[in-house]
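Please keep the model in view while reading.

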Amino acid sequence: MADRAWLRWPVARQLTGPDKLGRGAATRSRRTDSIAPRIRGADRVVKSVCPYCAVGCAQQVYVRDEQVIQIEGDPDSPVSRGRLCPKGSASLQLTTGAAREYRVRYRRPFGTDWEDLDLEAAMDMIADRVIESRRKGWQQEVDGKPVRRTLGFASLGGATLDNEENYLIKKLFTALGAIQIENQARI
Amino acid sequence: MAEAHPVGFQWVMEAKQRGATVIHVDPRFTRTSAHADVYVPIRAGADIAFVGGIINYVLQHDRYFRDYVLAYTNASAVLSEDFADTEDLDGVFSGLDRELRMYDMETWRYQRSEVRAAAGDRTPLRDRFTPQQLRQVRRAARGEAHGSGGGAVDPVHDADETLQHPRCVFQVLKRHFARYTPELVAEVAGVPEETFLRVCELVTANSGRDRTTTFVYSLGWTQHTVGVQYIRTAAILQSLLGNMGRPGGGILALRGHASIQGSTDIPTLFDLLPGYLPMPHAYGNEDLDTYVAAESLSKGFWADTRNYMVSLLKAWWGDTATAGNDFCYAYLPRLTGSHSTYETVLSQLSGVCTGYFLLGQNPAVGSANARMQRMGMASLDWLVVRDFSMIESATWWRDGPEIETEQMRTEDIKTEVFFLPAAAHTEKNGSFTNTQRMLQWHHAAVEPAGDARSDLWFAYHLGRRIRQKLAASSAETDRDRPVLDLTWDYPVRGPLAEPDAEAVLAEVSGWGADRTPLSSYTELNDDGSTSCGCWIYCGVYAGGVNQAARRTPGGTQDWVAADWGWAWPANRRVLYNRASADPDGRPWSDRKALVWWDQATRRWTGHDVPDFIADRPPDYRPAADARGTEAISGTDAFIMQGDGKAWLFAPAGLVDGPLPVHYEPQESPFSNVLHGQQHNPVREVLTHPLNLYQPSGDEPGSEVFPYVATTYRLTEHHTAGGMSRFLPYLAELQPAFFCEVSPELAAERGLEHAGWATIVTARSAIEARVLVTRRIQPLRMRGRVVHQVGLPWHWGPNGLTTGDAANELVHLALDPNVYIQEDKALACDIRPGRRPRGPALLDLVREYRQRAAITLKTGTDT
């Protein structure tokens with residue numbers, strides 16, 4: 001049969017078979033048939049939104065075994081119609097890539113290197129620092145006018161965060177008397 | 001747009017396919033230019049002259065949309081006799097106090113010959129406080145409050161419907177822009193006359209009853225000492241052409257972060273409370289009554305400010321907030337001037353601000369004058385950085401540029417640094433508000449690993465801990481009541497005790513009695529019966545349903561696609577869309593129909609949610625003493641404005657003038673050809689040894705910095721690089737920091753393609769790979785050739801692709817309305833080769849400063 005092997009060539013199949021335009025069966029090979037899209041076998045698809053710019057392209061997040069295995073554009077979106085740009089297409093690497101840190105790191109005053117720190121301990125220390133800076137920078141009055149505020153600590157960030165996150169940050173810090181709360185919108 | 005918002009650009013391509021003409025104005029030829037029908041290179045910093053030139057063309061050739069202008073703009077309003085324009089005063093308006101760097105806006109008001117005390121007229125602030133105190137109010141970015149509402153204005157005033165009165169807005173506008181001729185545009189912006197006239201023809205031919213033109217802008221228009229006035233110029237032109245509130249019209253801001261719109265609406269900003277309510281000021285906002293009197297308008301929806309504010313106070317302080325205690329209004333801290341991010345850096349350097357949270361932001365390379373940012377952080381007691389990766393703002397203390405220049409030694413830096421890993425969008429529930437004001441919900445796909453947590457988790461649990469500590473403290477004082485009384489009882493779920501984001505959204509959206517969700521801000525009350533965390537978002541949880549999570553496929557909807565996500569306010573997609581119909585309520589044309597008055601049902605209806613009182617007929621005219629929404633006539637399309645009109649002239653709200661004027665940037669190789677006044681006289685300058693300015697125009701020393709520099713983004717990177725320089729795919733696509741220069745500039749300075757160049761300003765010097773390209777054309781103006789240097793600003797020392805940060809070069813001179821810095825038009829020098837290493841870098845910059853004779857005072861004049 002070896003002398004008939006050329007008949008398995010795609011071009012021969014295209015010429016002799018029904019797929020004259022070479023857009024279907026004629027171009028398939030055993031290798032084609034053995035590979036599967038990486039989203040096959042996903043346990044679920046979760047609806048999401050691209051985290052980069054403000055166009056708001058819709059994403060579909062594919063999950064298998066509680067791991068994100070792929071992120072693609074959502075064709076249902078009237079905004080993006082399934083498209084993603086180079087950044088949006090790199091969302092999988094952004095969210096699961098090697099550059100992500102998963103541990104709290106701590107640099108003590110005058111320290112020369114990072115140290116490990118437990119998350120609960122870090123939260124407790126930060127709460128103490130906020131209370132102390134708030135106290136040190138407290139102003140009850142300025143020029144005889146009540147201001148009831150602190151200049152002791154500040155916050156920068158929010159444009160990459162969710163509305164619900166910005167809401168809690170603004171609510172908490174304002175109640176603490178902080179006014180130096182800012183984000184990228186001014187930058 | 002094709003570069004920084006490529007997926008949004010598909011709609012421009014779609015429009016082009018259907019016959020639209022695309023015009024691209026940019027100092028740099030980009031992928032947008034490649035698809036444009038007309039590409040217009042321009043000198044960075046000259047757009048007011050360019051767009052002002054189009055306004056002049058429209059007025060000189062009677063190309064404005066007269067019926068629209070008469071019905072919906074303030075063209076007919078007559079101004080006070082005391083108003084003097086920049087044409088009368090060589091570049092400044094009446095009311096300038098040069099010593100205080102402040103305008104008294106009294107002379108910018110409409111004339112009102114019929115004297116009639118309107119109910120509730122308030123004592124003007126200027127009668128209660130000294131000019132110095134008023135300047136502090138002015139410096140609290142008051143122009144930003146109220147969103148599009150502008151400032152307080154008298155709805156009853158003199159008008160001339162013939163538009164002939166010499167002091168009516170229309171005639172004032174005509175005189176103001178009369179010198180913005182094609183010749184002047186060529187002289188100031190470097191745009192050849194024939195190119196300019198072609199743009200004028202295309203824009204005017206494509207505006208009117210049957211056609212609309214849209215303007216799209218981004219930071220190229222905002223990052224200037226006159227940034228707000230750039231947008232104002234476009235607003236004047238679009239109002240004259242009848243392009244506002246209509247499909248295919250408008251002025252569209254393309255914003256660069258997933259929820260930068262949301263973080264302005266629910267502001268992590270110093271000057272605002274949710275929904276563009278101003279933060280209370282120490283002067284004039286002493287209690288709830290004075291706040292409401294000062295900050296609400298007598299006409300339109302801002303007349304209901306009290307409803308919005310009381311409902312917000314109820315959302316924050318719940319049952320503690322009662323009518324008897326002013327709904328806890330006194331719990332809010334007060335402003336005294338600007339507390340913007342740049343003043344914060346100054347207060348870090350002076351030791352007042354000792355703690356700093358960075359929440360997904362990287363100022364060590366991402367904020368202007370990056371060295372000053374790092375010096376500020378090195379003065380702190382503690383710093384919390386929450387991010388995905390080890391960004392420069394987390395590591396400057398061990399390997400930042402100041403370690404190399406020996407300005408800092410790691411072992412001498414006292415700052416305690418906490419790095420907390422953040423959860424990604426795939427690991428948390430929440431909503432982003434995109435650039436068209438649309439909220440879209442993203443669902444958590446997986447739990448965050450390790451110590452990574454959402455910022456919702458961080459804020460909630462930090463608050464919980466602080467409240468516990470303060471409550472347990474024997475030193476509990478009056479100042480702790482606002483924190484202890486705060487409503488902070490969000491349900492948590494899962495192994496990480498993650499707060500329920502939908503519960504937060506429900507609080508933002510608001511509820512009435514028995515926590516029944518509200519469906520619209522018109523349901524809010526001022527008696528404490530309603531609670532709402534952000535009045536413009538009221539209804540996003542209507543019916544107890546997360547409206548932001550609606551995902552009816554676009555293909556099954558009409559072109560408005562109202563059932564995907566939820567746009568504020570009230571799911572309207574086009575603001576002020578009453579203007580898409582004529583005064584009688586009929587669409588200006590069938591082709592451009594959006595909403596209209598249905599006489600049969602006596603309601604507004606249409607493709608979009610009408611942005612008008614649903615049952616207010618076009619022929620409704622308010623009684624003379626009507627107030628609030630009752631005072632909105634059937635043709636007052638601009639319902640948030642104090643007079644119901646689009647403003648060709650802004651009688652209030654802007655601190656630097658009622659009309660845009662071309663001023664040169666803070667640093668410019670050119671003098672102002674229009675006026676003796678070189679700069680915006682009330683721009684904000686921050687005098688500090690780390691923030692030296694260069695001489696400009698005719699001043700001696702300006703020749704040391706002969707080139708214009710401008711910053712921009714690349715498709716493959718994102719902002720300061722924290723979400724792109726660390727990714728192998730993106731780092732490979734754009735692997736090095738570079739500067740773009742023309743072949744002519746390369747020849748002039750001996751720069752080699754793919755070699756190195758050093759770019760120098762009075763702040764610092766950076767090095768970049770040289771990209772010699774015709775994408776940046778030299779412009780010819782005033783008999784001179786202008787060379788521009790393009791700098792993508794994404795780089796920094798960390799990540800997979802590294803390079804100097806363009807922000808090292810940028811100074812802090814700010815727009816006085818909103819406190820944004822001027823990244824988009826600087827003056828610089830460029831020289832071949834790499835920059836010096838170590839302390840020699842500082843020597844180079846010092847040598848430049850000496851050559852230009854720069855002192856602390858340079859560039860700080862009004």
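In this predicted model, helix α3 of chain B covers residues 47-60, 14 residues in total. From its first C-alpha to its last, α3(B) reaches 20 Å, close to the 20 Å expected at 1.5 Å a residue. Of the 14 residues of α3(B), 13 are buried, so the helix is largely enclosed by the rest of the structure. After α3(B) comes B:D62, a residue with a positive phi, near 50°.

Is B:A71 buried or partly exposed? A residue is buried if 20 or more other C-beta atoms lie within 10 Å of its own, and exposed if 12 or fewer do. B:A71 has 18 such neighbours inside 10 Å and therefore counts as partly exposed. When neighbours within four places in sequence are left aside, B:A71 is in contact with B:P583 and B:T635. B:D154 lies 83 residues from B:A71 along the chain, and the C-alpha atoms of these two residues are separated by 18 Å.

The view may now be widened to the whole of chain B. Its secondary structure comprises 25 helices and 28 strands. For 862 residues, a compact globule would have a radius of gyration near 29 Å; the value for chain B is 27 Å, which agrees. Along the principal axes, the C-alpha atoms fill a box of roughly 75 × 70 × 60 Å. Of the 862 residues, 60% count as buried. Among contacts in chain B with a separation of 6 or more, 72% join residues 24 or more positions apart.

Technical notes. Residues numbered from 1 in each chain as written. Chains lettered and ligands numbered in written order. Predicted model: local features only at pLDDT ≥ 70, side-chain atom pairs only at ≥ 80, totals over all residues. Helix = DSSP H or I, 4+ residues; strand = E, 2+ residues; numbered from the N terminus. Expected span 1.5 Å × (residues − 1). Contact = placed C-beta atoms within 7 Å. Rg over C-alpha atoms; globule rule 2.2 N^0.38 Å.
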